Amino acid sequence: MHSYQRITSISRVLSIVCLVLLVLLPFYLTHHWLLPTHFWLDGMPFGSQTQYFDSWPPAIDKQILGVLISFLPGFFIVKGLWHLKHLFTLYSQGEFFSEVVVNLYSKCSSAALWFVIVWIFSQSLMSVAMSYDSSSPVLTVSFTHAHALALFSATLLRVIAMVMSVSHELAQENKSFV
């Protein structure tokens, strides 16, 4: 199998994987808030904690707040997956370096960057939302190595998107002179 065929076939698979993840993400984000802990697939998403409760699942108002706050960074994951799905669809059709591809890559990188920013913010918001009715509400502000690595990676993606955009503009300019 040649590189071109390998890229198009892998891209077809990755487009389907992105679609499956888009379908499963809402269930993943809500199952933590609706099910007892022994039914969880893993720990809380985005670093949320269960430390604010004596039993799980929490009261319905906190469940609703938890789901809504979990969907804040989840929204940017959805945006990124949606754009990735379209990007891989174009790759599977053999379109690798067009204006549409550059724009989609730029949108993916922006979604990744916004995800990290909203993830950090949502952790603080979650601490307030889960302790607002206690005798001493909590505001947790954290910036961990995971945040730093994710922010660095998202920034790299954004810079690569800018380079791709400039490269595409130069290629179009060169075509007009030839």
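A pocket, as the term is used here, is an open set of grid points with protein on both sides within 12 Å along at least five of seven lines. The structure before you is a predicted model.

I begin with the overall fold. The protein chain contains four helices and zero strands, and from the N terminus its elements follow the order α-α-α-α. The radius of gyration is 20 Å, well over the 16 Å given by the globule rule for 178 residues, so the chain is more spread out than a compact globule. Along the principal axes, the C-alpha atoms occupy a box of roughly 75 × 30 × 25 Å.

Next, packing and surface. Of the 178 residues, 36% count as buried. Among contacts between residues at least 6 apart in sequence, 70% link residues at least 24 apart. The accessible surface amounts to about 10,700 Å², and carbon and sulfur atoms account for 70% of that area.

I turn now to the largest pocket, which holds about 170 Å³ of space. Which elements give two or more residues to its lining? They are helix 2, spanning 60–92, and helix 3, spanning 99–131. Helix 3 supplies the largest share, six residues. The lining includes Phe76, Ile77, Gly80, Leu81 and Leu84. Also among the lining residues are Tyr105, Cys108, Ser109, Ala111, Ala112, Phe115 and Leu157.

Thank you for your attention.

Conventions:
Residues are numbered from 1 along each chain as its sequence is written. This is a predicted model: local features need pLDDT of at least 70, side-chain atom pairs count only at pLDDT 80 or more; totals for chains, interfaces and linings use all residues. Side-chain values use heavy atoms; hydrogens and water are left out. On a 1 Å grid over the protein atoms alone, a cavity is a set of points where a 1.4 Å probe fits but cannot get out, and a pocket is an open set with protein on both sides within 12 Å along at least five of seven lines; lining residues have an atom within 4 Å of a point. Grid points are joined across faces, edges and corners, and a volume is the space filled by probe spheres set on the points. The radius of gyration is taken over C-alpha atoms; the globule rule is 2.2 Å times the number of residues to the power 0.38. Buried means under 20% relative accessible area, exposed over 50%, partly exposed in between (1.4 Å probe, protein chains only). Contact means heavy atoms within 4.5 Å. Accessible areas come from the Shrake-Rupley method with a 1.4 Å probe; for residues, only the protein chains shown count as cover.
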